[in-house]
Amino acid sequence: MTMTTHANAGLRPEELRKQFPALSRTVNGKKLVYLDNGATTQKPLCVLEAMDRYYREYNSNVHRGIHRLSEEATEAYDSAHETIAGFIGAHSWQEVIFTKNTTESLNLVARSLLPTFKKGDEVLLTQMEHHSNIVPWQQLAKQHGLVVRYIPVTDEGILDLLAARKMLSAKTKLVSLTHVSNVLGTINPVREVAGMAHDHGALCVVDAAQSVPHMPVSVQELGCDFLAFSGHKMAGPTGIGVLWGRTELLERMQPFLYGGDMISSVSFQDAEWNELPWKFEAGTPVIAEGIGLAEAARFLTGIGMDSIQRHEQALARHACEALGSLKGVRIFGPRERAGLVSFWADPVHPHDLASLLDQDGIAIRAGHHCAMPLVVEVLKQPALARASFYLYNTKEEIDALAAGVKKAQKVFG
Ligand SMILES: Cc1ncc(COP(=O)(O)O)c(C=O)c1O
């Protein structure tokens, strides 16, 4: 089977853009400026082609057919786990489970760990979590008598680690936190938090939806127990997410979904579970998506995750300067941040701002960013505008955003 490899091309956004067909389109007669990468990223040709090739040339189910096409599909799908294991520094491909998205990965952890919790046990989250790392734990707490607590966020938009230290106790069974906040851009000190959790005998889960696509991430270096992310936010397809977990934990956990492929044997009375990671991948899996995701990981690796991070952080600094120089613009989050900027531009409501920018072909996100408790209760905002960057964005696009914001302020001023 042919696998595309990508030479390290350095990071030249103008060159890279040519590989993303969607970026060459126009919107409302204007060149598209796509600054909604926190929601989802555009896809490069190599990912589209890898998935197309699977469907055209070796479309078949995996792990069951003793024929050429099925063998080819199985080889490509299984090796996609290896590629992703390498991408996040996992010891073994068997620790990599393909799910539907970050949300499903976090639900899997919550549901499958449930038998290890007892009434009164505490789950520690942070105030800057996405709903997908709040609601599953809240529901578990309501249904099974657990207690959910939240590490506060300081006025600068960073985690209050002193408070976290005080909140941890023998009752804490699990700490689950985002690596990078999708609202504040804060990069959390996961290694330190994981160490604190382990000192209290608690597990540490990391929502890496906004980190794995944008910076080098090694699960070994983070020292966490589980890590979740989505393919569509890292130049890969929708419909696939990843859960990485430590072998010894995954082996002890209950499956999340039951059915075909996740069993080693079934009788009319009972069933035995398949080996990892198949125990957690019930039914026909995300074959084309797995192949596409592996291609995306190779593409990003070819560019270099360090270069991607440096590029995006430079864009974020530029955005903070360009937007921050406008009267009435308030930027949320710390100075040291990942490649996204949330802001409020007086007197324009973020929804109006997003509509006006769209008229000029500029795509940003407006709303609570699936982090209502943070935006509404902590930052006390009804909504925020957010520009989020990826490897193909340029300073000129950010200048266009700043000009668009200024124009909108004049319209509403
Ligand atoms: C920090 C964070 N966690 C989780 C998610 C959920 O990702 P998905 O919708 O792909 O499950 C997102 C998506 O925006 C996110 O930004």
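Predicted model: local features only at pLDDT ≥ 70, side-chain atom pairs only at ≥ 80, totals over all residues.
Residues are numbered from 1 along each chain as its sequence is written. Local features need pLDDT of at least 70 and side-chain atom pairs count only at pLDDT 80 or more, while totals for chains, interfaces and linings use all residues.

The ligand is surrounded by 13 residues (C-beta atom, placed from the backbone, within 6 Å of the molecule). The closest are N101, T103, H130, N182 and S230. The shell consists of 2 nonpolar, 10 polar and 1 charged residues (Ala, Val, Leu, Ile, Met, Phe, Trp, Tyr, Cys and Pro count as nonpolar, Asp, Glu, Lys and Arg as charged, and the others, Gly among them, as polar).

The largest nonpolar core has 134 residues (buried Ala, Val, Leu, Ile, Met, Phe, Trp, Tyr and Cys residues joined through C-beta atoms within 7 Å; buried means that 20 or more other C-beta atoms lie within 10 Å of the residue's own, exposed 12 or fewer, with C-beta atoms placed from the backbone). Its largest share, 10 residues, comes from helix α10 (residues 287-303) (helices are DSSP runs of H or I, at least four residues, and strands runs of E, at least two, numbered from the N terminus). The core lies between domain 1 (13-37 + 304-412) and domain 2 (50-302), because both give residues to it; the bounds come from an automatic or database domain assignment.

In helix α7 (residues 190-199), V190, V193, A194, M196 and A197 are buried. They are on the same side of α7, because they cover an arc of only 160° around the axis (taken from the directions from the helix axis to the C-beta atoms). G195 and D199, on the other side, are exposed.
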